[in-house]
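Subject: Structure for you to look at

Hello,

Here is the structure I promised to pass on. Please open it next to this email and follow along.

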Amino acid sequence: MNAPLIYALTGAALFVFGVTGLMLQAHLLRKILAFNVMGSGIFLVLVGLAQRTGIPDPVPQAMVLTGIVVAIAATALALALARQLLDQSGEMRLPEEEAGKDKLDV
Amino acid sequence: MSLNETLPLLVLASSLLPGLIIFSLPEERHILRSLFNLAGATLKLLLIVYMLWGVLHGEEYVFRYTMLPGLDLLFVADALAMLFVTLSAALWFLTTLYAIGYLENSPHRSRFFGFFSLCVTATVGVAMAGNLFTFFIFYELLTLSTYPLVVHRGTEQAMRAGNVYLTYTLGGGALLLIGTVWLYGLAGQVEFTQGGVLAALGPEYAGQLQIVFFLLIAGLGVKAALVPLHGWLPQAMVAPAPVSALLHAVAVVKAGAFGIMRVVYEVYGVEFAHALSLLLPLAVAASVTIIWGSLRALFQDDLKRRLAFSTISQVSYIALGVALFGPVGTIGGVVHLVHQGIMKITLFFCAGNYAETLGIHKISEMDGVGRRMPWTTVAFTVGAFGMIGVPPLAGFISKWYLGLGALEAQMPWVLAVLLASSLLNAAYFLPILHRAWFRPRTETWPEEHIPMQKGRETAWLLLAPPLITAAATVLAGLFAASAISPLDWAKLIAAREYLRWVP
Amino acid sequence: MFDPIPWLILSPLIWATLAFVQGPGRGGRLAVAGVALQLALAATLAQQIIAGGARVYAVGGWGAPLGIDLAADGLSAVMLLLTQAVALPLAFYARAYFAAHAAPLRYFWPLTGYLLAAMNALFLSADVFNIYVTLELLGLAAVGLVAVAGGAGPVSAAMRYLLATLLGSGAYLLGVALLYGVYGSVSLAALAPLIAADAPTAVSLAAALMLLGLMLKTALFPFHFWLPPAHGNAPAPVSALLSALVIKASFYLILRLWFDLFAPIASVTAAQFLGALGAGAVIWGSLLALRQTHLKMLVAYSTVAQVGYLFLIFPLATGAAAEVAASAWQGGALQAVAHGLAKAAMFAAAGAMIAATGRDEIAGLAGVATRLPLTLFTFVLAGMTIMGLPPSGGFSAKWLLLGAALASGQWWWIVVMLAGGLLSAAYVFKVLRQAFLPAEEAAHFKPLPRTLEWPAFLLALASLLLGLWASEMLNLLGAA
Amino acid sequence: MKALLNIAVLSLTGALGLVLAWSILDLPASAVRLPEQVTAQLDMSGVAHPVTAVLLNFRGYDTLLEIAVLLLALLGMLALPRQASGSKPRPVPASPMLQTLARLLTPLMVLVAGYVLWAGAHRPGGAFQAGAVLAGAGVLLHLAGLLPAWATPGRALRAGLATGLLVFIAVAATLMTQGTLLQYPPGWAGALILVIEASLTLSLGLILAGLYLVLADSKVQA
């Protein structure tokens, strides 16, 4: 096993952590952080796998740069929405599904 | 596009366009609205007379448009189609006149007449459909366009009736759709062809074809009100009288019965259906419906409800005729399509007159009404006698051929059904007539909307239509043997459906 | 020969950016002109494809796998036409809607422009990483549009939607990373010949991740949780755009991946599984639609249900005879287009009814039949496609799907389709029934401008006429 | 119920992790060799650094859309209706130390941004990095109380935000008269890329700073 593969495996682990956090954490800031952890994991897999033979590959590196910018954009929008929610409801979490909206038995 | 191709479309357009225009008319433009309605109805009748003449002389009116590869929209004006088209166009004309009188000053007339026209357009489409796919399209459009008429009054009862109506008819439509798609998968485009098309498929498909037959008849049986699929019809009574006339005589129930005819004669072919032993179950279902409907009719006090159960019973005569293997039975069934229409519409017009003129809805309120409204009651009497099968009225002709057909098909038990049904008909119609003619009036009318004026018992527009259809009931019976009678046309159709039969 | 492909992407990008520079609330005219131009471009492209077959466009002149390729075939042309054809009437509608509403219009037009740019770019892309970028552009624009109304409901709906869409594109991007790891390319044209039935596990995992991510974005049951609040809470023109088009974009990608890229490793079991989810969507979505008390929520759940029909393509077309597969595929594509037109019309009509009555509850619709006949008629016509009643586009689609199910002996999907049809009739008529009731004494109807009623009607009419013109569309769809 | 959900999610993601790790360790050699192609075409790309070549030439179309994503995120934030705070947002008072430092550092940071932009052609750097440095300067100025948060950007500012994307689109579209979208004519690639990067640096700096400054404007309730 070489260094790039270790990057890729770490990336896989980060992805799994991120997804788990995104789904299970209730606090919105934690969700947004989890999303960023997930994103970093993906970027590590992308770069790590591509250069597992030892030759650096500029294409995935450029893709990761693009991905990072997209992640920044998404994070900023998410923060703005979270801030709005905080302003309006005083809480940094999503309201529970309103009763009856997605349930048959109410 | 040649004239012969255009004519079926023109017949459709003659009610579709007035309908669409009427929707956009403001409520208070009633003269313009009536003008469009009557112009459309008249134009349709003229077109149909022209086409009848053409069909008699061997002209073919066919329009075809490919919707999807291997899926055509097809209109054909053949003898059977013309029978139904003529019936519905003529009765539409009368019902329109009647409805103009009936709904005078009531709200939402633009909407009512708009859907009324769409409903007739759908019926004409059902009649002229040249294949099962086209038939299905208009069969479903008929459901959609009649729903607003059923719930027209907007009362809680009307809304409930509308829900029941939709549940039954859309469910039936779904079964019909499955059967149709299945048949198209097996046999390609199923075009209505005299003598049927499925016999060519071969014996290995017999099982599948039996299932498909069941699906199709169940789908059509909902509109034809075959027991146990009849539940919607008595509920739909809450609709205004012209709508009831439409449902029972012109459009909905007839579309179901007509569809059964098409399926048995022109999809399966009556001989092939007989060979698959599909006719006996149909005959049994029809017989059960005939007896059940009559029995239920006996116990109704609401006049329109009694008439509704009577319809359930009478329409199944058509299905019964179809199920009797042999041309004589066929003649009985086909001719009853027309006869039932003119008789039942007479009865509903009269029931509407009683309600609209005097506020009478129940049979127990009808004492002595014959003296107050003699002409209406005469028409009612003719219709009732026709239903019972008193010679020489139209109903007698139907029953006579059905009886002979039963003997020909070697199903003598059907005679017992006919006899029992006639007795029951008498049992639920004669008391009404007795009350109307022979019981004296002891109290005032429930609600007298239209007072007696210069010897005229009610508005002209309400009186003329039932008198005309009552006269037609008499004439269709008296002149059954003449060359332009419904019976003669039915004989022409029967002759074409039985490949091996020489008249 | 003039090439409309790059301009279909540049046009919305340009007018959106200019509209942003113009400032808050501005840009409506620019948008209408831009979308009209795009419609012409899409029609030109469709004609070119019918005449000359599928097209490839090498951005930067490099060509795949080094550069990025754009590709246009029948399916992409159909989706492009649908997008612009839905967007144009909605642009007129939105101008009237925001004129009548005090609702903050602000940056509605630039957001819409980027949304359309993202979709056009997505339908034309032949590069899985480039598709990821378009997906993110699409997702962020859609989230931004949901939030424009402000207030706790829309903002939390937008947040939920954003998290779902980010999770979806994350899964998709990991799939792309794995694909690049295995094959060293992200070009569809380069990857397709390399993927064979004996591909390594990583490829199957990539396929599963990408499809799952896209299913989440398509709101396929049981991933539909985000859709009803987002589509139900957004302003009506936004709901119409999202329900009609945005979820179709990710569905389009699922089609592409399943039938083009991953066809060698697509198993019948997986296809049946997708179909089962679709069936779940049809039944569950319809039942919930029936239970809603608010008009727009009902229409939104109807979208959940209608998405289900689209996924019946997979069991019907995978591993089936060529003729059956073609019928299923055509039926699915037709359903996507018919639903797009009808659902846009339905949301627009719902928006008009709400604007006139001032209430969102279904109970407040009494009297609509008398006061807003054209809008109610629109709702009925759109409802015909939703219910699959003839002669609508939805019916033709259902006919093809039913035919495929019967021909391949998969009767269980027939039961699902019929049950779904009846349930949808139940919820459509739930609205109609209320609209036919006489208006309450106190009810006050605001007069509506014509531009709020006619665009919706035209869309509904188009969904109906699609049934009669389906051959033309299938003709374009089949052009290769 | 909640615990059940947690267990379900954890076991699903855990299984995903295992499959992921296993399939990563089980990879064959890849069939397409892009690094070689990049190296072979590097001379034609107009820049000497391979990542910049991929970003702005070979896959420049991705970057074009990505700028749109970034602008869109800011747009989405601006589109959110905000409570009218009435008065202009007041800069937070900061220590004189910080203010002086910020005043000194800002010109330096602009200079660094210029260098990073220029260097991108042949070594790590480029418009994004340069833009990020510019944005950093903006954030610093805000923290020092020298730059107000944004409520609604004015027309000039909006034009500045959009310049990068518009220039990029204009160059891409103009090139279509010669070839396809974004097809740089031989010899012109370096200069055109520099034009794009320069305008991108300006807009990216503004956008990235904006992402911060718009958020900073929101009113926080106690």
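Below is what was found, starting with one chain and moving on to the contacts between chains.

One caution before the details. This is a predicted model.

**Chain D by itself**

Start with chain D. It holds eight helices and zero strands. Along the sequence the pattern reads α-α-α-α-α-α-α-α. Chain D has 222 residues, and 43% of them are buried.

How does the radius of gyration of chain D sit against that of a compact globule of 222 residues? The globule would come out near 17 Å, but chain D has 22 Å. Along the principal axes, the C-alpha atoms of chain D fill a box of roughly 60 × 60 × 35 Å.

Now look at contacts inside chain D. Take those with a separation of 6 or more. Of these, 78% join residues 24 or more positions apart.

**A helix pair in chain D**

Next, find α4(D) and α7(D). Two packed helices are described by the angle between their axes and the distance between the axes. For α4(D) and α7(D), the angle is about 155° and the axes are 10 Å apart. Angles over 145 degrees count as roughly antiparallel. Therefore α4(D) and α7(D) are roughly antiparallel to each other. The crossing of α4(D) past α7(D) is left-handed.

Which residues make this contact? From α4(D) come Leu64(D), Ile67(D), Ala68(D), Leu71(D) and Leu74(D). From α7(D) come Leu161(D), Ala162(D), Gly164(D), Leu165(D), Phe168(D) and Ala172(D). Sorted by class, the contact of α4(D) with α7(D) has 10 nonpolar residues, one polar and no charged.

**A helix pair in chain C**

Helix α16(C) covers residues 373-387, and helix α19(C) covers residues 450-468. Their axes come within 8 Å and cross at roughly 25°. Angles under 35 degrees count as roughly parallel. So α16(C) and α19(C) are roughly parallel to each other. α16(C) passes α19(C) in a left-handed crossing.

Residues on the α16(C) side include Leu374(C), Leu381(C) and Met384(C). On the α19(C) side, Phe457(C), Leu461(C) and Leu464(C) are among them. By class, the contact of α16(C) with α19(C) has nine nonpolar, four polar and one charged residues.

**Between the chains**

Four pairs of chains are in contact, and chains C and D share the most contacts. Chain D gives 49 residues to the contact with chain C, and chain C gives 51. On the chain D side, the elements with two or more residues there are α1 (2-25), α2 (34-45), α3 (50-58), α4 (60-79) and α7 (155-174). The largest share of that side, 13 residues, comes from α4(D). The side of chain D that touches chain C has 31 nonpolar, 11 polar and seven charged residues.

Chain D also touches chain A. Here 32 residues come from chain A and 35 from chain D. On the chain A side, α1 (3-24) and α3 (58-89) are the elements that give two or more residues. The largest share comes from α3(A), with 17 residues. That side of chain A has 23 nonpolar, six polar and three charged residues.

Which chains do not touch? Chain A and chain B have no contact, and their closest C-alpha atoms lie 21 Å apart. Chain B and chain D do not touch either, with their nearest C-alpha atoms 38 Å apart.

Best wishes

Conventions. Residues numbered from 1 in each chain as written. Chains lettered and ligands numbered in written order. Predicted model: local features only at pLDDT ≥ 70, side-chain atom pairs only at ≥ 80, totals over all residues. Contact = placed C-beta atoms within 7 Å. Helix = DSSP H or I, 4+ residues; strand = E, 2+ residues; numbered from the N terminus. Nonpolar A, V, L, I, M, F, W, Y, C, P; charged D, E, K, R; others polar. Axes fitted to C-alpha atoms, helices over the stretch in contact; angles between N-to-C directions. Parallel < 35°, antiparallel > 145°, perpendicular 65-115°, else oblique. Left-handed = near helix turned anticlockwise from the far one by under 90°. Rg over C-alpha atoms; globule rule 2.2 N^0.38 Å. Buried ≥ 20, exposed ≤ 12 C-beta atoms within 10 Å, placed from the backbone.
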